[in-house]
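Here is a short note for a colleague new to this entry. Please read the points with the model open.

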Amino acid sequence: MKNFSNTYIFVFSAVMVTIVAAVLSFASLKLKPIQDNNIRLEQMQNILASVNIESTSKDATEKFRKYIVESYVINSNAEPQQGVDAFSVDLKKEVSKIDEVKLLSDKLVEQKESPFKKFVSGFTKSKQTDKQKITNEIADINNSRKLPVYICNKDDSTYYVFPLRGKGLWGPIWGYISLKADMNTVYGAVFDHKTETPGLGAEIKETWFQKPFQGKKIFEDGRFTSIKVMKGGAPKGDMHAVDAISGGTITSRGVEYMIQDCLSSYLPFFEQQKK
Amino acid sequence: MSEREPLFSPKNLKLLREPLSTSNPITVQVLGICSALAVTVKLEPSVVMAISVMAVLAVANVVVSFLRNYIPPRIRIIVQLTVIAALVILVDQILKAFAYDVSKQLSVFVGLIITNCILMGRLEAFALGNRPWPSFLDGIGNAAGYGIILIIVAFFRELLGSGTVWGYPVFEKIGLYNVGYENNGLMILPPMALITVGIIIWVQRSKNKELIETN
(Lines give C-alpha, C1' and ligand atoms only; values in the text may rest on other atoms or scores of the structure.)
Protein backbone atom coordinates (compact mmCIF):
# COMPACT_ATOMS: atom_id res chain seq x y z
CA MET A 1 0.00 0.00 0.00
CA LYS A 2 1.22 3.45 -0.90
CA ASN A 3 2.20 5.89 1.78
CA PHE A 4 0.55 9.27 1.69
CA SER A 5 1.88 12.33 3.46
CA ASN A 6 -0.25 14.25 5.91
CA THR A 7 -0.33 17.24 3.56
CA TYR A 8 -1.72 15.04 0.82
CA ILE A 9 -4.43 13.74 3.15
CA PHE A 10 -5.46 17.25 4.13
CA VAL A 11 -5.50 18.52 0.56
CA PHE A 12 -7.37 15.43 -0.63
CA SER A 13 -10.11 15.79 2.00
CA ALA A 14 -10.43 19.52 1.45
CA VAL A 15 -10.81 19.15 -2.31
CA MET A 16 -13.24 16.27 -2.01
CA VAL A 17 -15.44 18.00 0.53
CA THR A 18 -15.54 21.14 -1.61
CA ILE A 19 -16.58 19.20 -4.69
CA VAL A 20 -19.27 17.32 -2.78
CA ALA A 21 -20.57 20.55 -1.27
CA ALA A 22 -20.72 22.23 -4.67
CA VAL A 23 -22.60 19.32 -6.26
CA LEU A 24 -25.11 19.14 -3.41
CA SER A 25 -25.80 22.87 -3.30
CA PHE A 26 -26.28 22.92 -7.06
CA ALA A 27 -28.79 20.05 -6.88
CA SER A 28 -30.58 21.65 -3.96
CA LEU A 29 -30.89 24.99 -5.78
CA LYS A 30 -32.16 23.39 -8.97
CA LEU A 31 -34.71 21.13 -7.26
CA LYS A 32 -36.02 23.63 -4.72
CA PRO A 33 -38.80 25.10 -6.89
CA ILE A 34 -40.21 21.65 -7.72
CA GLN A 35 -40.05 20.58 -4.08
CA ASP A 36 -41.72 23.80 -2.94
CA ASN A 37 -44.49 23.20 -5.41
CA ASN A 38 -45.00 19.70 -3.99
CA ILE A 39 -45.25 21.12 -0.49
CA ARG A 40 -47.73 23.71 -1.68
CA LEU A 41 -49.86 21.02 -3.31
CA GLU A 42 -49.79 19.03 -0.09
CA GLN A 43 -50.89 22.12 1.83
CA MET A 44 -53.82 22.50 -0.56
CA GLN A 45 -54.73 18.84 -0.15
CA ASN A 46 -54.66 19.24 3.63
CA ILE A 47 -56.85 22.33 3.54
CA LEU A 48 -59.32 20.52 1.29
CA ALA A 49 -59.22 17.48 3.57
CA SER A 50 -60.13 19.64 6.56
CA VAL A 51 -63.40 20.52 4.82
CA ASN A 52 -63.87 16.84 4.00
CA ILE A 53 -62.98 17.05 0.31
CA GLU A 54 -60.79 14.27 -1.03
CA SER A 55 -58.15 15.26 -3.55
CA THR A 56 -55.01 13.93 -5.16
CA SER A 57 -51.87 15.86 -5.97
CA LYS A 58 -53.11 16.09 -9.56
CA ASP A 59 -56.51 17.72 -9.02
CA ALA A 60 -55.62 19.62 -5.84
CA THR A 61 -55.01 22.95 -7.59
CA GLU A 62 -58.23 22.71 -9.54
CA LYS A 63 -60.37 21.72 -6.56
CA PHE A 64 -58.68 24.30 -4.37
CA ARG A 65 -59.64 27.00 -6.84
CA LYS A 66 -63.19 25.70 -6.98
CA TYR A 67 -63.92 25.37 -3.26
CA ILE A 68 -61.63 27.82 -1.47
CA VAL A 69 -63.21 31.08 -2.50
CA GLU A 70 -61.12 33.44 -0.43
CA SER A 71 -58.07 33.52 1.76
CA TYR A 72 -56.67 36.37 3.77
CA VAL A 73 -54.45 37.17 6.71
CA ILE A 74 -55.53 38.93 9.91
CA ASN A 75 -53.79 39.95 13.13
CA SER A 76 -54.78 39.09 16.69
CA ASN A 77 -57.26 41.97 16.76
CA ALA A 78 -59.05 40.56 13.71
CA GLU A 79 -57.82 43.46 11.55
CA PRO A 80 -56.86 42.44 8.03
CA GLN A 81 -53.14 42.44 7.17
CA GLN A 82 -52.76 43.95 3.74
CA GLY A 83 -50.60 42.45 1.06
CA VAL A 84 -49.78 39.18 2.80
CA ASP A 85 -50.38 35.89 1.00
CA ALA A 86 -52.02 33.35 3.31
CA PHE A 87 -49.93 30.58 1.82
CA SER A 88 -46.57 32.20 2.43
CA VAL A 89 -47.10 32.86 6.14
CA ASP A 90 -44.33 31.24 8.16
CA LEU A 91 -46.45 29.42 10.76
CA LYS A 92 -43.44 28.38 12.78
CA LYS A 93 -42.54 32.00 13.39
CA GLU A 94 -46.15 32.94 14.08
CA VAL A 95 -46.63 30.21 16.66
CA SER A 96 -43.45 31.20 18.46
CA LYS A 97 -45.05 34.61 18.96
CA ILE A 98 -47.71 32.93 21.11
CA ASP A 99 -44.97 31.80 23.47
CA GLU A 100 -43.44 35.27 23.43
CA VAL A 101 -46.73 36.82 24.49
CA LYS A 102 -47.15 34.18 27.21
CA LEU A 103 -43.68 34.94 28.52
CA LEU A 104 -44.31 38.66 28.59
CA SER A 105 -47.68 38.20 30.29
CA ASP A 106 -45.99 36.09 32.96
CA LYS A 107 -43.52 38.92 33.51
CA LEU A 108 -46.41 41.30 33.93
CA VAL A 109 -47.96 39.14 36.63
CA GLU A 110 -44.62 38.54 38.29
CA GLN A 111 -44.00 42.22 38.57
CA LYS A 112 -47.25 42.69 40.38
CA GLU A 113 -46.50 40.01 42.93
CA SER A 114 -42.83 39.98 43.79
CA PRO A 115 -42.17 42.34 46.69
CA PHE A 116 -38.45 42.16 46.12
CA LYS A 117 -38.77 43.34 42.57
CA LYS A 118 -41.09 46.06 43.76
CA PHE A 119 -38.44 47.10 46.21
CA VAL A 120 -35.62 47.09 43.66
CA SER A 121 -37.59 48.78 40.93
CA GLY A 122 -38.49 51.48 43.43
CA PHE A 123 -34.82 52.46 43.30
CA THR A 124 -34.04 51.91 39.66
CA LYS A 125 -36.92 52.90 37.47
CA SER A 126 -40.57 53.47 38.03
CA LYS A 127 -42.65 50.28 37.87
CA GLN A 128 -45.29 51.99 35.85
CA THR A 129 -43.12 52.58 32.78
CA ASP A 130 -41.77 49.04 32.94
CA LYS A 131 -45.27 47.61 32.97
CA GLN A 132 -46.27 50.01 30.25
CA LYS A 133 -43.34 48.87 28.16
CA ILE A 134 -44.30 45.21 28.41
CA THR A 135 -47.95 45.95 27.68
CA ASN A 136 -46.88 47.89 24.61
CA GLU A 137 -44.65 45.04 23.52
CA ILE A 138 -47.53 42.58 23.79
CA ALA A 139 -49.76 44.88 21.81
CA ASP A 140 -47.06 45.24 19.16
CA ILE A 141 -46.72 41.50 18.79
CA ASN A 142 -50.48 41.05 18.65
CA ASN A 143 -50.73 43.71 15.98
CA SER A 144 -48.07 42.09 13.85
CA ARG A 145 -49.40 38.55 14.11
CA LYS A 146 -50.18 37.01 10.73
CA LEU A 147 -53.11 34.63 11.01
CA PRO A 148 -54.28 33.01 7.78
CA VAL A 149 -57.97 32.34 7.20
CA TYR A 150 -59.28 30.26 4.31
CA ILE A 151 -62.92 30.50 3.37
CA CYS A 152 -64.46 27.50 1.71
CA ASN A 153 -67.74 27.38 -0.13
CA LYS A 154 -69.12 23.89 -0.45
CA ASP A 155 -72.71 22.90 -1.21
CA ASP A 156 -73.89 26.48 -0.56
CA SER A 157 -72.46 26.50 2.96
CA THR A 158 -69.50 28.52 4.12
CA TYR A 159 -66.72 26.99 6.19
CA TYR A 160 -63.71 28.68 7.73
CA VAL A 161 -60.37 26.88 7.73
CA PHE A 162 -57.62 27.77 10.22
CA PRO A 163 -54.07 26.45 10.15
CA LEU A 164 -52.59 24.91 13.28
CA ARG A 165 -49.04 24.24 14.32
CA GLY A 166 -47.59 22.91 17.56
CA LYS A 167 -45.15 20.59 19.21
CA GLY A 168 -45.37 16.81 19.28
CA LEU A 169 -43.02 14.46 21.05
CA TRP A 170 -40.10 14.45 18.58
CA GLY A 171 -40.81 17.37 16.33
CA PRO A 172 -43.41 19.71 14.92
CA ILE A 173 -47.02 18.70 14.34
CA TRP A 174 -49.45 20.71 12.26
CA GLY A 175 -52.87 20.59 10.74
CA TYR A 176 -55.98 22.44 9.67
CA ILE A 177 -59.31 22.77 11.44
CA SER A 178 -62.50 23.96 9.78
CA LEU A 179 -65.45 25.59 11.52
CA LYS A 180 -69.01 26.02 10.36
CA ALA A 181 -70.37 29.52 9.87
CA ASP A 182 -71.53 29.65 13.50
CA MET A 183 -67.81 29.79 14.46
CA ASN A 184 -68.47 27.13 17.05
CA THR A 185 -69.00 23.75 15.47
CA VAL A 186 -66.01 21.89 14.05
CA TYR A 187 -66.65 20.70 10.51
CA GLY A 188 -63.43 18.76 10.03
CA ALA A 189 -59.83 18.49 11.12
CA VAL A 190 -56.61 17.08 9.68
CA PHE A 191 -53.29 16.64 11.40
CA ASP A 192 -49.86 15.72 10.19
CA HIS A 193 -46.47 15.36 11.78
CA LYS A 194 -42.84 15.13 10.91
CA THR A 195 -41.30 12.53 13.18
CA GLU A 196 -43.86 11.17 15.65
CA THR A 197 -43.57 7.51 16.67
CA PRO A 198 -45.15 5.21 14.06
CA GLY A 199 -48.13 3.35 15.49
CA LEU A 200 -48.37 5.70 18.47
CA GLY A 201 -48.09 9.46 18.08
CA ALA A 202 -48.10 9.13 14.29
CA GLU A 203 -51.72 7.95 14.51
CA ILE A 204 -52.81 11.60 14.63
CA LYS A 205 -52.83 11.57 10.86
CA GLU A 206 -55.22 8.61 10.70
CA THR A 207 -58.96 9.06 10.15
CA TRP A 208 -60.00 7.30 13.35
CA PHE A 209 -58.31 10.05 15.34
CA GLN A 210 -59.44 12.94 13.13
CA LYS A 211 -63.04 11.93 12.56
CA PRO A 212 -64.29 12.41 16.16
CA PHE A 213 -63.38 16.11 15.95
CA GLN A 214 -66.28 16.61 13.56
CA GLY A 215 -69.29 18.14 15.25
CA LYS A 216 -67.45 19.12 18.42
CA LYS A 217 -67.96 22.64 19.74
CA ILE A 218 -65.22 25.02 20.79
CA PHE A 219 -67.46 27.37 22.82
CA GLU A 220 -69.73 26.72 25.77
CA ASP A 221 -72.15 29.51 26.68
CA GLY A 222 -69.92 31.97 24.89
CA ARG A 223 -66.81 30.85 26.75
CA PHE A 224 -63.88 29.44 24.72
CA THR A 225 -63.31 25.84 25.83
CA SER A 226 -61.32 24.53 22.86
CA ILE A 227 -61.25 20.74 22.41
CA LYS A 228 -59.68 18.46 24.98
CA VAL A 229 -57.84 15.34 23.86
CA MET A 230 -58.64 13.06 26.80
CA LYS A 231 -56.43 10.27 28.02
CA GLY A 232 -58.54 7.23 28.85
CA GLY A 233 -61.24 8.31 26.44
CA ALA A 234 -63.63 11.23 26.28
CA PRO A 235 -66.87 10.88 28.27
CA LYS A 236 -69.82 10.01 26.04
CA GLY A 237 -71.71 13.01 24.78
CA ASP A 238 -68.97 15.48 25.75
CA MET A 239 -69.08 18.16 23.08
CA HIS A 240 -65.61 19.48 23.85
CA ALA A 241 -63.45 16.36 24.03
CA VAL A 242 -62.13 13.51 21.89
CA ASP A 243 -60.22 10.32 22.66
CA ALA A 244 -56.44 10.49 23.03
CA ILE A 245 -54.07 7.88 21.63
CA SER A 246 -52.91 5.21 24.07
CA GLY A 247 -49.13 5.29 24.13
CA GLY A 248 -49.13 8.65 22.39
CA THR A 249 -49.78 10.84 25.41
CA ILE A 250 -47.36 13.62 24.62
CA THR A 251 -48.44 13.86 20.99
CA SER A 252 -52.12 13.86 22.06
CA ARG A 253 -51.42 16.63 24.53
CA GLY A 254 -49.51 18.44 21.79
CA VAL A 255 -52.63 18.35 19.60
CA GLU A 256 -54.75 19.71 22.45
CA TYR A 257 -52.36 22.60 23.16
CA MET A 258 -51.96 23.27 19.44
CA ILE A 259 -55.72 23.67 18.93
CA GLN A 260 -56.11 25.79 22.05
CA ASP A 261 -53.14 28.07 21.36
CA CYS A 262 -53.78 28.58 17.67
CA LEU A 263 -57.54 29.07 17.89
CA SER A 264 -57.32 31.44 20.86
CA SER A 265 -55.46 33.87 18.62
CA TYR A 266 -58.55 33.95 16.43
CA LEU A 267 -61.00 34.75 19.27
CA PRO A 268 -61.55 38.38 18.24
CA PHE A 269 -62.16 37.15 14.69
CA PHE A 270 -64.79 34.67 15.90
CA GLU A 271 -66.52 37.43 17.85
CA GLN A 272 -66.51 39.69 14.83
CA GLN A 273 -67.96 37.00 12.58
CA LYS A 274 -70.72 36.08 15.01
CA LYS A 275 -72.10 39.61 15.04
CA MET B 1 -3.31 -6.12 -17.82
CA SER B 2 -2.00 -6.94 -21.24
CA GLU B 3 -5.20 -7.93 -22.93
CA ARG B 4 -8.47 -6.07 -22.64
CA GLU B 5 -11.26 -8.12 -21.18
CA PRO B 6 -14.62 -8.12 -22.97
CA LEU B 7 -17.23 -6.07 -21.12
CA PHE B 8 -19.41 -9.04 -20.29
CA SER B 9 -16.79 -11.70 -19.75
CA PRO B 10 -17.86 -14.75 -17.71
CA LYS B 11 -15.97 -13.32 -14.76
CA ASN B 12 -17.87 -10.06 -14.96
CA LEU B 13 -21.21 -11.77 -15.42
CA LYS B 14 -20.52 -13.75 -12.30
CA LEU B 15 -20.32 -10.45 -10.42
CA LEU B 16 -23.83 -9.70 -11.55
CA ARG B 17 -25.30 -13.14 -10.98
CA GLU B 18 -23.78 -14.27 -7.71
CA PRO B 19 -25.34 -11.68 -5.40
CA LEU B 20 -28.73 -12.73 -6.71
CA SER B 21 -28.35 -16.22 -5.31
CA THR B 22 -25.26 -17.72 -3.67
CA SER B 23 -23.93 -14.53 -2.10
CA ASN B 24 -27.18 -12.65 -1.68
CA PRO B 25 -26.64 -9.69 0.64
CA ILE B 26 -29.80 -10.32 2.64
CA THR B 27 -30.35 -14.06 2.73
CA VAL B 28 -26.72 -15.22 2.75
CA GLN B 29 -24.67 -12.35 4.12
CA VAL B 30 -27.57 -11.10 6.27
CA LEU B 31 -26.80 -7.43 5.64
CA GLY B 32 -29.26 -4.57 5.31
CA ILE B 33 -31.98 -6.38 7.24
CA CYS B 34 -33.35 -3.36 9.07
CA SER B 35 -34.41 -1.45 5.99
CA ALA B 36 -35.77 -4.69 4.54
CA LEU B 37 -38.13 -4.93 7.50
CA ALA B 38 -39.16 -1.31 7.42
CA VAL B 39 -40.03 -0.54 3.81
CA THR B 40 -41.64 -3.80 2.69
CA VAL B 41 -45.22 -3.16 3.80
CA LYS B 42 -46.14 -2.13 0.24
CA LEU B 43 -44.63 -2.95 -3.13
CA GLU B 44 -44.22 0.60 -4.39
CA PRO B 45 -41.89 1.92 -1.68
CA SER B 46 -39.90 -1.32 -1.86
CA VAL B 47 -39.31 -0.90 -5.58
CA VAL B 48 -38.34 2.75 -5.11
CA MET B 49 -36.04 1.76 -2.28
CA ALA B 50 -34.45 -0.97 -4.41
CA ILE B 51 -33.87 1.45 -7.28
CA SER B 52 -32.46 4.08 -4.92
CA VAL B 53 -30.04 1.62 -3.36
CA MET B 54 -29.04 0.41 -6.82
CA ALA B 55 -28.33 3.94 -8.03
CA VAL B 56 -26.37 4.85 -4.92
CA LEU B 57 -24.40 1.61 -4.74
CA ALA B 58 -23.49 1.49 -8.44
CA VAL B 59 -22.38 5.11 -8.59
CA ALA B 60 -20.58 4.95 -5.25
CA ASN B 61 -18.74 1.82 -6.35
CA VAL B 62 -17.63 3.50 -9.59
CA VAL B 63 -16.55 6.72 -7.87
CA VAL B 64 -14.57 4.94 -5.19
CA SER B 65 -13.07 2.60 -7.76
CA PHE B 66 -11.86 5.55 -9.86
CA LEU B 67 -10.36 7.14 -6.78
CA ARG B 68 -8.97 3.92 -5.35
CA ASN B 69 -5.33 4.77 -6.06
CA TYR B 70 -5.69 8.30 -4.71
CA ILE B 71 -7.62 7.61 -1.52
CA PRO B 72 -5.24 7.65 1.44
CA PRO B 73 -5.88 4.35 3.31
CA ARG B 74 -5.90 6.12 6.64
CA ILE B 75 -9.03 8.10 5.80
CA ARG B 76 -10.66 5.67 3.36
CA ILE B 77 -13.70 4.97 5.55
CA ILE B 78 -14.48 8.68 5.82
CA VAL B 79 -14.02 9.11 2.08
CA GLN B 80 -16.40 6.22 1.37
CA LEU B 81 -18.90 7.61 3.81
CA THR B 82 -18.75 11.05 2.21
CA VAL B 83 -19.35 9.59 -1.24
CA ILE B 84 -22.30 7.53 -0.02
CA ALA B 85 -23.78 10.37 2.01
CA ALA B 86 -23.57 12.80 -0.89
CA LEU B 87 -25.28 10.34 -3.24
CA VAL B 88 -27.99 9.54 -0.72
CA ILE B 89 -28.76 13.22 -0.21
CA LEU B 90 -28.99 13.60 -3.98
CA VAL B 91 -31.40 10.65 -4.26
CA ASP B 92 -33.47 12.04 -1.39
CA GLN B 93 -33.69 15.46 -3.02
CA ILE B 94 -34.67 13.95 -6.36
CA LEU B 95 -37.37 11.81 -4.76
CA LYS B 96 -38.72 14.83 -2.90
CA ALA B 97 -38.96 16.67 -6.21
CA PHE B 98 -40.36 13.97 -8.47
CA ALA B 99 -41.96 11.32 -6.24
CA TYR B 100 -43.15 13.30 -3.25
CA ASP B 101 -45.72 10.82 -1.95
CA VAL B 102 -43.30 7.92 -2.12
CA SER B 103 -40.58 9.96 -0.47
CA LYS B 104 -42.96 10.71 2.38
CA GLN B 105 -43.66 6.99 2.81
CA LEU B 106 -39.98 6.13 2.76
CA SER B 107 -39.33 9.14 5.00
CA VAL B 108 -36.30 8.41 7.08
CA PHE B 109 -35.27 5.21 5.32
CA VAL B 110 -33.78 6.90 2.28
CA GLY B 111 -31.50 8.77 4.63
CA LEU B 112 -30.70 5.49 6.32
CA ILE B 113 -29.31 4.05 3.08
CA ILE B 114 -26.13 5.70 4.36
CA THR B 115 -25.97 3.24 7.22
CA ASN B 116 -26.94 0.24 5.09
CA CYS B 117 -24.15 -2.25 5.67
CA ILE B 118 -24.29 -3.48 2.07
CA LEU B 119 -22.92 -0.19 0.76
CA MET B 120 -19.93 0.18 3.02
CA GLY B 121 -19.31 -3.53 2.70
CA ARG B 122 -19.14 -3.47 -1.10
CA LEU B 123 -17.03 -0.31 -1.23
CA GLU B 124 -14.56 -1.67 1.29
CA ALA B 125 -14.45 -5.22 -0.02
CA PHE B 126 -14.71 -4.70 -3.76
CA ALA B 127 -14.50 -1.17 -5.16
CA LEU B 128 -11.27 -0.30 -3.36
CA GLY B 129 -9.48 -3.16 -5.10
CA ASN B 130 -11.09 -3.37 -8.52
CA ARG B 131 -11.43 -1.37 -11.70
CA PRO B 132 -14.53 0.79 -12.32
CA TRP B 133 -16.43 -1.49 -14.71
CA PRO B 134 -16.36 -4.62 -12.53
CA SER B 135 -17.15 -2.38 -9.56
CA PHE B 136 -20.16 -1.01 -11.38
CA LEU B 137 -21.42 -4.53 -12.12
CA ASP B 138 -20.77 -5.58 -8.57
CA GLY B 139 -22.82 -2.62 -7.33
CA ILE B 140 -25.71 -3.37 -9.67
CA GLY B 141 -25.57 -7.08 -8.80
CA ASN B 142 -25.58 -6.59 -5.05
CA ALA B 143 -28.28 -3.94 -5.13
CA ALA B 144 -30.38 -6.22 -7.33
CA GLY B 145 -29.85 -9.08 -4.91
CA TYR B 146 -31.02 -6.80 -2.12
CA GLY B 147 -33.88 -5.42 -4.19
CA ILE B 148 -35.23 -8.76 -5.31
CA ILE B 149 -35.61 -9.97 -1.73
CA LEU B 150 -37.24 -6.65 -0.85
CA ILE B 151 -39.73 -7.05 -3.67
CA ILE B 152 -40.54 -10.70 -2.88
CA VAL B 153 -41.13 -9.86 0.76
CA ALA B 154 -43.18 -6.77 -0.09
CA PHE B 155 -45.31 -8.73 -2.57
CA PHE B 156 -46.39 -11.26 0.07
CA ARG B 157 -46.79 -8.67 2.80
CA GLU B 158 -48.94 -6.39 0.68
CA LEU B 159 -51.01 -9.27 -0.74
CA LEU B 160 -51.71 -10.96 2.59
CA GLY B 161 -51.65 -7.81 4.76
CA SER B 162 -53.74 -5.41 2.70
CA GLY B 163 -55.13 -7.67 -0.04
CA THR B 164 -53.61 -5.54 -2.80
CA VAL B 165 -50.76 -5.70 -5.30
CA TRP B 166 -49.25 -2.31 -6.16
CA GLY B 167 -52.39 -0.74 -4.75
CA TYR B 168 -54.69 -2.85 -6.96
CA PRO B 169 -57.31 -4.66 -4.83
CA VAL B 170 -56.74 -8.23 -6.01
CA PHE B 171 -58.62 -10.03 -3.29
CA GLU B 172 -61.60 -7.71 -3.59
CA LYS B 173 -61.80 -8.30 -7.35
CA ILE B 174 -61.81 -12.07 -7.09
CA GLY B 175 -64.41 -11.85 -4.32
CA LEU B 176 -62.39 -13.42 -1.53
CA TYR B 177 -63.92 -11.16 1.09
CA ASN B 178 -67.39 -12.45 0.28
CA VAL B 179 -66.47 -15.93 1.46
CA GLY B 180 -65.29 -14.67 4.81
CA TYR B 181 -61.60 -13.95 4.17
CA GLU B 182 -60.02 -11.15 6.16
CA ASN B 183 -56.69 -9.37 5.75
CA ASN B 184 -53.96 -10.54 8.06
CA GLY B 185 -53.02 -7.48 10.09
CA LEU B 186 -49.89 -9.18 11.36
CA MET B 187 -48.36 -9.09 7.88
CA ILE B 188 -48.21 -5.31 8.08
CA LEU B 189 -46.08 -5.39 11.23
CA PRO B 190 -42.28 -5.65 10.95
CA PRO B 191 -41.93 -9.09 12.63
CA MET B 192 -43.64 -10.72 9.67
CA ALA B 193 -40.99 -9.32 7.36
CA LEU B 194 -38.37 -11.09 9.42
CA ILE B 195 -40.36 -14.33 9.28
CA THR B 196 -40.84 -13.96 5.50
CA VAL B 197 -37.10 -13.40 5.04
CA GLY B 198 -36.55 -16.44 7.24
CA ILE B 199 -38.77 -18.54 5.00
CA ILE B 200 -36.88 -17.34 1.90
CA ILE B 201 -33.58 -18.27 3.59
CA TRP B 202 -35.01 -21.70 4.45
CA VAL B 203 -36.21 -22.34 0.90
CA GLN B 204 -32.92 -21.16 -0.58
CA ARG B 205 -30.77 -23.34 1.68
CA SER B 206 -32.85 -26.42 1.27
CA LYS B 207 -32.38 -26.08 -2.50
CA ASN B 208 -28.68 -25.20 -2.33
CA LYS B 209 -27.00 -27.40 0.27
CA GLU B 210 -23.65 -25.60 -0.13
CA LEU B 211 -25.01 -22.62 1.74
CA ILE B 212 -25.71 -24.56 4.91
CA GLU B 213 -23.17 -23.79 7.63
CA THR B 214 -21.55 -26.95 8.95
CA ASN B 215 -20.52 -26.03 12.48
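**Notes on contacts and packing**

1. The contact between the chains takes 18 residues from chain A and 16 residues from chain B. Two residues are in contact if their C-beta atoms, placed from the backbone, lie within 7 Å. This is a predicted model: local features need pLDDT of at least 70, side-chain atom pairs count only at pLDDT 80 or more, and totals for chains, interfaces and linings use all residues. Residues are numbered from 1 along each chain as its sequence is written, while chains are lettered from A and ligands numbered from 1 in the order in which they are written.

2. On the chain B side, helix 4 (76-98) and helix 5 (100-106) each supply at least two residues. Helices are DSSP runs (H or I, at least four residues), numbered from the N terminus. Helix 4 of chain B gives the largest share, nine residues. By class, this side of chain B has 11 nonpolar, two polar and three charged residues. Ala, Val, Leu, Ile, Met, Phe, Trp, Tyr, Cys and Pro count as nonpolar; Asp, Glu, Lys and Arg as charged; the others, Gly among them, as polar.

3. Chain A is divided into domain 1 (1-89 + 146-275) and domain 2 (92-144). The bounds come from an automatic or database domain assignment. The domain centres, taken over C-alpha atoms, are separated by 30 Å. Nine residues of domain 1 of chain A are in contact with seven of domain 2 of chain A. The domain 1 side has one nonpolar, five polar and three charged residues.
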